[in-house]
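This briefing is meant for a reader meeting the structure for the first time. Please look over the sequence and the model below before turning to the notes that follow.

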Amino acid sequence: MKVRASIKKMCKHCKVVSRTKRNKKTLFIICKDDPRHKQRQG
């Protein structure tokens, strides 16, 4: 998983998911097609 300051979709299969943990919102990108596209912001 790549940890970056800003995340972008790399292909058409990438999805942006936001999850809240302890009042802190984290953005993830998950991709079923290519697992190397997984990213996390923060």
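This is a predicted model: local features need pLDDT of at least 70, side-chain atom pairs count only at pLDDT 80 or more; totals for chains, interfaces and linings use all residues.

Two strands are taken to pair if DSSP finds at least two bridges between them, and strands themselves are DSSP runs of E with at least two residues, numbered from the N terminus. In the hairpin formed by β2 and β3, two residues stand between the strands, and R22 takes a positive phi near 55 degrees there.

**The chain as a whole**

- The chain contains four strands and zero helices, so that its pattern, read along the sequence, is β-β-β-β.
- Taken along the principal axes, the box filled by the C-alpha atoms is roughly 30 × 15 × 15 Å.
- Of the 42 residues in the chain, 21% count as buried, and the chain exposes about 3700 Å², of which carbon and sulfur atoms supply 49%.
- Among the contacts in the chain with a separation of 6 or more, 36% are accounted for by residues 24 or more positions apart.

**The sheet**

- The four strands form an open sheet with mixed pairing, and their order in that sheet is β1-β4-β3-β2.
- The edges are taken by β1, which covers residues 2–4, and by β2; each has a single partner strand, so one side of each is left without a neighbour in the sheet.
- From one strand to the next, the twist averages 25 degrees.
- As a general point, side chains in a regular strand alternate between the two faces of the sheet.

- Strands β2 and β3 pair in the antiparallel sense, and eight bridges join them.
- Two of the facing positions can be named: C14 stands opposite C31 in β3, while V16 has I29 in β3 as its bridge partner.
- The loop between β2, which covers residues 14–21, and β3 holds R22, and N23 is found in that loop as well.
- Although R22 is a residue other than glycine, its phi is positive, near 55 degrees; N23, also not a glycine, has a positive phi of about 60 degrees.

- T26 is found in strand β3, which covers residues 24–31, and T26 is buried because its relative accessible area of 18% falls under the 20% limit.
- Leaving aside residues up to four places away in sequence, T26 touches V17, S18, R19, R40 and Q41.
- R19 is found in strand β2 and counts as partly exposed, since its relative accessibility of 47% lies between the limits of 20% and 50%.
- With residues up to four places away in sequence again left out, R19 touches K24, K25, T26 and F28.

**The cysteines**

- In general terms, a disulfide is a covalent bond between the sulfur atoms of two cysteines.
- The count of disulfides in this model comes to zero.
- The cysteine sulfur closest to that of C11 belongs to C14 and is 3.6 Å away, which is too far for a bond because a disulfide requires the two sulfur atoms to be within 2.5 Å.
- C31 is likewise in no disulfide, and the nearest cysteine sulfur to C31, that of C11, is 3.6 Å away.

**The salt bridge**

- As a general point, side chains of opposite charge can pair when their charged atoms come close.
- The structure holds one salt bridge, in which the side chains of R36 and D34 meet with a distance of 3.5 Å from N to O.
- R36, one of the two partners, counts as exposed, with a relative accessibility of 65%.

Key. Residues are numbered from 1 along each chain as its sequence is written. Side-chain values use heavy atoms; hydrogens and water are left out. Buried means under 20% relative accessible area, exposed over 50%, partly exposed in between (1.4 Å probe, protein chains only). Contact means heavy atoms within 4.5 Å. Accessible areas come from the Shrake-Rupley method with a 1.4 Å probe; for residues, only the protein chains shown count as cover. A salt bridge is a side-chain nitrogen of Lys or Arg within 4 Å of a carboxyl oxygen of Asp or Glu. Axes are lines fitted to C-alpha atoms, for helices over the stretch in contact, and angles run from 0 to 180 degrees between N-to-C directions.
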